Amino acid sequence: MKLAHAAALFFASIITGAAGNQGSSSTPPLDEEGFAKAAAARIRQEVPAYDIKPTTRLTLEGTRSDGESTGQLNLDRIYAFCLRNPGNCSAALDEYARGMGQTIKERDQPIEQSMVRIVVRPAEYFDRIRQQAGSGPKPISIYGRPLGAGLVLVPVLDYSRAVRFLGEQDLAKLKLTEGEAFGLGERNLRASLKPLADVAPVPGPNEFGTIMGEDYASSRIALHDDWKALADQLGGNLIVMLPAPDILLYGNGSTREGVEALRAYGNEMAQRSPRPLSLTVLRWTSGGWDALK
């Protein structure tokens, strides 16, 4: 199993303890070249069997003596976090390296259909990763479906500490078509979540609610029909916002004040997150999610 994009996708849990664990080692350089070298050195400590080196801008790759490759390990998000939070950078990079090391080791484990999930990612980010996947020495096809409002739905494999995009080799191993992978990911996602009614009480005018503590909180919008009952209770004025993959805000968009309150809080949550996802407010419609101006 190749790990072409696990670094870019791994940010699911690496910052959990970083803010309270500053200065675990020397602060990495904050120029791109120096940062990439520091990141490579730290990941090498976790997986000494791989020679991890910088390749292109903010990208690493590791090779083993038998020729096995990690694929591209992208540092864009951890680097952006470090620029915003230099005081927490060292601890965050240490945790990132530990997570990446575990992810690289996990890639040799057999994959199962139960690991497939659906996630929401920015379309621009997905397009960049897909281009990188298709232009390497061993091109890999990955899959996404437009959701609208600059977002895309992507099937992934869920490991213990990370997720990675589902590639064409994975489809062959799982005996799935592309369409079946999306369907399976949606079913597995629903089975892993509490019912929406249990976590999303009906908000009043100018009120909004928050779904947190779920790794796939933002992915709930892939389960479009699950939101119909709440949308009906709000007279068709259900709005949501996805400031980070593990945060979903929803509210009553019947007033401009309610919309702006949700937007302001969502912007604040996105700024705090090491993995900001989207600043767009979405409105539920029978045909999908529409961006709210």
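This is a short exchange about how some terms apply to one predicted model.

Modeller: Residues are numbered from 1 along each chain as its sequence is written. The model is predicted, so local features need pLDDT of at least 70 and side-chain atom pairs pLDDT 80 or more, while totals for chains, interfaces and linings use all residues, and side-chain values use heavy atoms, without hydrogens and water.

Biologist: What makes residues 123–135 helix α5?

Modeller: A helix is a DSSP run of H or I with at least four residues, numbered from the N terminus; a strand is a run of E with at least two. Helix α5 has 13 residues. The expected span is 1.5 Å times one less than the number of residues. Helix α5 reaches 18 Å from first C-alpha to last, close to the 18 Å expected.

Biologist: Which residues of α5 are called buried?

Modeller: Buried means under 20% relative accessible area, exposed over 50%, partly exposed in between (1.4 Å probe, protein chains only). Tyr125, Phe126, Ile129, Gln132 and Ala133 are the buried ones. They cover an arc of only 125° around the axis, so they sit on the same side of α5. The arc is taken from the directions from helix axis to C-beta atoms. The face turned away carries exposed Glu124, Gln131 and Ser135.

Biologist: Why do β8 and β12 stand at the edges?

Modeller: Strands pair if DSSP finds at least two bridges between them. The open sheet runs β8-β10-β9-β11-β12, with antiparallel pairing. β8 and β12 each have a single partner strand, so one side of each lacks a neighbour in the sheet.

Biologist: How do you know that β11 and β12 pair?

Modeller: They share four bridges, in the antiparallel sense. Pairing needs at least two, so β11 and β12 qualify.
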